[in-house]
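Reader: I am new to this structure and would like to go through it slowly. Could you show it to me before I ask about its parts?

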Amino acid sequence: MMTQLTALEKALVILEAAVDHPTFSEITARTGLAKATVHRNLATFIDRQFLVLSPEGRYMPGPRFLALTGSAFAEVDITALVEPLAMDLAQRMQCTVHVGTRVGDEMLYLVRADSDKPYRMPSRVGATTPMHSSGIGKAVLAQLSDEEIKRVVSRVGLRRLTARTLTRQADLMREIRQIRSLGYAHDREENVPGVICIAAAVNDYTHSTSYAVSITSLALEHTEEELERMAPDLLATADAMTAAIGGSADSIPMAVSL
């Protein structure tokens, strides 16, 4: 099948493979093209600064590639890309769906998609929420190293918002380990009394994880177990959002499958 590709198509296939599979052998295996063809195109991409070759022999995006990517995404409204996915999830789950992004040491609500239920959550787009007490915040925290998390805690503390807020660092770190294992975070009435959620991380084209999406409900309407049964839909939407904003699910370090 690869022999039917034009020279331009082969070059694009090789460039795409090089971004996700950094070694020569991986690129060759991924593309199915002759080693000479792969080597010749990689050399051209390096010469044109679309790729760089590390001392360890790994191909990585070069300055020209990054400049073009950055310019393209500078014109993109990320909210517009993820909002349709949030609205679809809200309708299917009949719960409120939030999308938030990390701003400093807080989470900022970018999207709130409501279901057909007669009530509305107290959250609002543009408002901020602490990272340690919110599902979206903990989902993002779980992507950081333990040392980075502790630095965040040292800067902002663990303020109590409800009777269930985690206010001890040891408890938060224990929760972080659980999030990494499950692939999603919980908010068990820790941020707002009577409100629960599950949340999953979303990463962007820079391969950093500063976004998250959550399914939110009233504790009177859904149990924690009922929300957990929505986790596969949540994780699928998080992956779709990651793809929509140019990220890669492979670069999210925690598990995303149940």
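Reader: In the loop between which two strands is the place of glutamate 189?

Author: This is a predicted model, in which local features need pLDDT of at least 70 and side-chain atom pairs count only at pLDDT 80 or more, while totals for chains, interfaces and linings use all residues. Residues are numbered from 1 along each chain as its sequence is written, and side-chain values use heavy atoms, with hydrogens and water left out. Strands (E, at least two residues) and helices (H or I, at least four) are DSSP runs numbered from the N terminus. On that basis, the loop that holds glutamate 189 lies between strand E6 (185-188) and strand E7 (195-202).

Reader: What is the phi of glutamate 189?

Author: Most residues other than glycine have a negative phi. Glutamate 189 is a residue other than glycine, yet its phi is positive, with a value near 60°.

Reader: Glutamine 94 also interests me; is it buried, partly exposed or exposed?

Author: Glutamine 94 lies in the loop between helix H5 (78-93) and strand E3 (96-103), and it has a positive phi of about 55° although it is not a glycine. Buried means under 20% relative accessible area, exposed over 50%, and partly exposed in between, with a 1.4 Å probe and protein chains only. Because its relative accessibility is 21%, glutamine 94 counts as partly exposed.

Reader: Which residues does aspartate 116 touch, not counting those up to four places away in sequence?

Author: Aspartate 116 is found in the loop between strand E4 (106-113) and strand E5 (128-130), and it is exposed, with a relative accessible area of 58%. Aspartate 116 and glutamine 91 are 25 residues apart in sequence, while their C-alpha atoms are 7.3 Å apart in space. With contact meaning heavy atoms within 4.5 Å, the residues that aspartate 116 touches are Gln91 and Gln94.

Reader: How many disulfides does a search of the whole structure find?

Author: A disulfide is counted here as a pair of cysteine sulfur atoms within 2.5 Å. The sulfur of cysteine 197 is 11 Å from the closest cysteine sulfur, in cysteine 95, and therefore too far for a bond. Both residues are buried, cysteine 95 at 1% relative accessibility and cysteine 197 with a relative accessible area of 5%. The number of disulfides found in the whole structure is zero.

Reader: Turning to the helices, at roughly what angle do the axes of H1 and H3 cross?

Author: Axes are lines fitted to C-alpha atoms, for helices over the stretch in contact, and angles run from 0 to 180 degrees between N-to-C directions. Lys10, Ala11, Ile14, Leu15 and Ala18 in H1 meet Thr37, Val38, Asn41, Leu42 and Phe45 in H3. The axes of helix H1 (residues 7-20) and H3 come within 10 Å, and they cross at roughly 75°.
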